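Hello,

I am passing a structure on to you, and below it you will find my notes on what turned up. Please read them with the model open beside you.

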Amino acid sequence: MKKWFLNWGWIAVYAVVLAIWVLVIAADGHEPIEESQTEKITLTFRHFWIKEHDSQMLDIVENVVAEFQQTHPNVKVNFEGMDQTVHREQKLKSEMVTGTPPDMFVLFGGAEIEPYVRSNRLMDLTEFVEKNSLKEEFQDLHLWTFDDHIYGLPIEGNAEPLYYNKEMFRQFGLNPPGTLDDLDRIVRVLGASRITPFALGNEERWPAAIFAHYLMDRYAGPELINELVQGEGKYSFHNPGYLQAFKHLDSWINDIAFSAPANDLSTEEAIELFTSGKAGMYLNGNWDINLFHSGKAPEGFQNQVGVIPFPSRTKEGSKSIAGGYTIGIGLSSNLDEAKWEAAQQLLKAFYTEDVQRRIVYEALRIPSMKITYDSEKTGPVFAQVIELMEQSPQSFVPYDNVLSPEVNKTFLKVLKEMLGSRISPGEALEQIQLTSEQYWQLRRSSLPN
């Protein structure tokens, strides 16, 4: 019996003491101390800021992500960069079909994301925007809004002016072109002097579309494209205005107005032709401005750059600017509650006045939010772009952002073939129209009765 008490008595005593200890803590309003367990969350984030002209933008975003992870130690962000064309045209499309996109990703608003919205693959950010009082803080959300719901947020704006070498123009006695006839004369003068009129790197296929959509706008006006992207059967891409536009583009190709071989040149190579004085003009977005300041450009080159709108068809014609707030961030609709909460916190970190000012001053990008900044501190080229936008009464969204992905694929393909002199203007437009008809037939057949 004594041995039994020694073995079990102490256990009973320990149990009584433990019970008393628990009662004391409970009476004092405390619970037993447990090790804090915080759920670990991993967010995948894909971007396409991998080119040389994107380096400043990438630095800003990486800095925001790093600071976010420091203040949210339970969240890890797997940050992945990918070629823009591969991401938009291949990877993301297939992921959206299978329902396996990254948690967060950079993408273009407008027609490109409409299929993702219709298939419920994008997170609805309407409540997030309202909860954080952000809606009135953005310059424009219409490319991200469908049926009054918001499915992405623009991170930067863009404009596509015509840049020209002021010093070169002075040497040849040329004035900045106001009309397409003026521009044709400049093409002839520069070409006769063995200077490439337009530096064009069409390796990614979309840069040539900038020339096409400006000419289409100038010859046919802005209303026609708006009808075509709505699938109105009475309108066709193969129309007199667009045919004139494509013939004008074809005349430049035949006159060797573009750097050759344009389809094989990168954006960076085209810009180097412009900054080295081998090309007189460059047509592209403001996102390339920082390369006018880079080490590859001659010292002070940015002071030689003039910025003008793409010329109008006539002196009284429209000089609207192509641009908008097309580049932004979207989220997968598959996020669970924990990931959704973390993603919202990261989104809030991106959309602040401080980050937007860094985007202006460091990356020379147009802010997507309504902030104040001093354009004189951004350098002479960006300041001219901002002044041009303020003076321009009209703008239009680049056509590759309003065409459906299927039609846009054909649009870019035929432009590549035209640059390679493998297709006529009429044949190019016929292919675009055929793709459009097929797209709308399929779209209407898939709609519920």
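Let me begin with a rule: two strands pair if DSSP finds at least two bridges between them. Strands (E, at least two residues) and helices (H or I, at least four) are DSSP runs, numbered from the N terminus. What you see is a predicted model, in which local features need pLDDT of at least 70 and side-chain atom pairs count only at pLDDT 80 or more, while totals for chains, interfaces and linings use all residues. Residues are numbered from 1 along each chain as its sequence is written, and side-chain values use heavy atoms, with hydrogens and water left out.

**Confidence**

pLDDT is the predictor's confidence in each residue, from 0 to 100. Its mean for the protein is 90, and 91% of the residues reach 70 or more. Over residues 1–37, however, pLDDT stays under 50. For that stretch the model has five contacts (heavy atoms within 4.5 Å) beyond four places in sequence. Where pLDDT is low, the predicted coordinates should not be read in detail.

**Strand 11 and its partners**

Strand 11 covers residues 321–331, and eleven of its eleven residues are buried, meaning under 20% relative accessible area with a 1.4 Å probe and protein chains only. Strand 6 (residues 153–159) pairs with strand 11 in the antiparallel sense over five bridges, and there glutamate 156 stands opposite isoleucine 327. Strand 3 (residues 104–108) also runs antiparallel to strand 11, joined by five bridges; valine 106 has isoleucine 329 as its bridge partner.

Next, look for the open sheet with strand order 8-9-7-10 and mixed pairing. Strand 8 (196–199) and strand 10 (305–308) are at the edges with a single partner strand each, so one side of each has no neighbour in the sheet. On average, neighbouring strands here are turned by 25° against each other, direction ignored. Axes are lines fitted to C-alpha atoms, for helices over the stretch in contact, and angles run from 0 to 180 degrees between N-to-C directions. Helix 11 (residues 267–275) packs on this sheet and touches strands 7, 8, 9 (279–283) and 10, its direction making about 140° with that of strand 9. Strand 7 (residues 162–165) pairs antiparallel with strand 10 over four bridges, with tyrosine 163 opposite valine 307.

**Aromatic rings**

Rings of Phe, Tyr and Trp (its six-membered ring) pair if their centres lie within 6.5 Å; planes under 30 degrees apart count as stacked, over 60 as edge-to-face and the rest as tilted. The count comes to 25 aromatic pairs. One of them joins phenylalanine 198 and phenylalanine 211 edge-to-face, at 5.0 Å centre to centre with 75° between the planes. Phenylalanine 198 is in strand 8 and phenylalanine 211 in helix 8 (residues 207–220), 13 residues apart.

Which residue also pairs with phenylalanine 211? Tryptophan 252 does: the centres are 6.5 Å apart and the planes at 80°, so this pair is edge-to-face. Tryptophan 252 lies in helix 10 (residues 240–254), so the pair ties together parts that are 41 residues apart in sequence. Phenylalanine 211 is buried, with a relative accessible area of 1%, and tryptophan 252 is buried with 1%. Elsewhere, ring pairs link Tyr163, Phe274, Tyr282, Phe292 and Phe301 into a cluster.

Enjoy exploring!

Terms used. Buried means under 20% relative accessible area, exposed over 50%, partly exposed in between (1.4 Å probe, protein chains only).
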